[in-house]
Amino acid sequence: MLEFDPVKVRRNVEEAKTDDLLDRVTAFREGMEPAAVRIIEEELFRRGVGPAEIDQYRQDQAGRLVMRPEGFAYRCSFCQRPATVRRVGWHRLWGLIPILPRVLNYCPNHAPEEVDAPKTEPPAADDD
Ligand SMILES: [Zn+2]
């Protein structure tokens with residue numbers, strides 16, 4: 001765990017997008033310092049997003065996210081958003097050559113298209 005630095009957290013929070021902040025205080029809330037949650041909620045409030053909006057956002061996301069046993073969402077393997085799909089994919093050398101199967105997390109933006117269809121075969125090396 002990194003040491004909590006309220007000055008750094010506040011600066012980071014002020015530069016973050018509102019959606020990103022909403023993800024942090026909902027999907028990732030259980031994995032954060034309570035003091036960091038407070039800083040984010042203050043910043044959201046400054047942007048006109050109050051407890052009712054945060055709660056609505058949480059409800060919209062509920063049931064869609066893939067949660068860790070610790071009680072917060074897995075993060076997308078390709079960006080900072082919470083994951084809605086988790087499955088085996090390929091770790092690629094230089095982003096190209098599949099070398100190791102590993103579990104990858106996908107947000108709606110990064111989910112492979114066939115992910116909604118039931119998939120029974122394991123991914124092949126040339127699968128893309
Ligand atoms: Zn993503």
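Me: In what order do the elements of the chain run from the N terminus on?

Reply: They go α-α-α-α-β-β. That comes to 4 helices and 2 strands. Keep in mind that this is a predicted model.

Me: OK. What share of the 128 residues is buried?

Reply: Buried residues make up 18% of the chain. As for the contacts with a separation of 6 or more, 54% of them come from residues 24 or more positions apart.

Me: Let's do helix packing. At what angle do H1 and H3 pack?

Reply: Helix H1 (residues 6-15) packs on helix H3 (residues 34-46) at about 35°, and the axes are 10 Å apart. The crossing of H1 past H3 is right-handed.

Me: Which residues make that contact?

Reply: From H1 you have Pro6, Val9, Arg10, Val13 and Glu14, and from H3 there's Ala35, Ala36, Ile39, Ile40 and Glu43. Sorted by class, the contact has 7 nonpolar and 3 charged residues, with no polar ones.

Me: And Phe4, where is that found?

Reply: Phe4 sits in the segment before H1. Leaving out residues up to four places away in sequence, Phe4 touches Glu33, Ala35 and Ala36. Phe4 and Glu33 are 29 residues apart along the chain, with 7.6 Å between their C-alpha atoms.

Me: Why does Phe4 count as exposed?

Reply: Because it has 12 C-beta neighbours inside 10 Å, and a residue with 12 or fewer is put in the exposed class.

Me: Switching to the core. Which residues are in the largest nonpolar one?

Reply: There are 9: Ala27, Phe28, Leu65, Ala73, Tyr74, Cys76, Ala83, Tyr106 and Cys107. Another core lies apart from that one, with 7 residues, including Val25, Ala36, Ile40 and Tyr57. As background, nonpolar side chains in soluble globular proteins tend to be buried together.

Me: Say I zoom in on Ala27. What is it in contact with, leaving aside neighbours within four places in sequence?

Reply: Gln61, Leu65, Phe72, Ala73 and Pro82 are the contacts of Ala27. Two of those names, Leu65 and Ala73, also turn up in the largest nonpolar core.

Me: Now the strands. How many bridges join E1 to E2?

Reply: 9 bridges, and the strands run antiparallel, with E1 covering residues 85-93 and E2 covering residues 97-106.

Me: Is Trp94 buried or exposed, then?

Reply: Exposed, because Trp94 has 6 other C-beta atoms within 10 Å. Its place is the loop between E1 and E2.

Me: What about Leu104, which class does it count in?

Reply: Leu104 counts as partly exposed because it has 19 C-beta neighbours inside 10 Å, while buried needs 20 or more. Leu104 belongs to strand E2. Not counting residues up to four places away in sequence, Leu104 touches Ser77, Arg87 and Gly89. Leu104 and Cys76 are 7.6 Å apart, C-alpha to C-alpha, at 28 residues apart in sequence.

Me: Last couple. Where is the place of Glu70?

Reply: Glu70 is in the loop between helix H4 (51-61) and E1. Glu70 is exposed, because 8 other C-beta atoms lie within 10 Å. With neighbours within four places in sequence left aside, Glu70 is in contact with Glu30 and Gly31. Gly31 is 39 residues away from Glu70 in sequence, and their C-alpha atoms are 7.6 Å apart.

Me: And Gln59, which helix is that in?

Reply: Gln59 is in helix H4. It counts as exposed because it has 10 C-beta neighbours inside 10 Å. The C-alpha atoms of Gln59 and Thr26 are separated by 9.2 Å, and the two are 33 residues apart along the chain.

Key:
Residues numbered from 1 in each chain as written. Predicted model: local features only at pLDDT ≥ 70, side-chain atom pairs only at ≥ 80, totals over all residues. Pairing = 2+ DSSP bridges. Core = buried A, V, L, I, M, F, W, Y, C linked by C-beta atoms within 7 Å. Contact = placed C-beta atoms within 7 Å. Axes fitted to C-alpha atoms, helices over the stretch in contact; angles between N-to-C directions. Left-handed = near helix turned anticlockwise from the far one by under 90°. Nonpolar A, V, L, I, M, F, W, Y, C, P; charged D, E, K, R; others polar.
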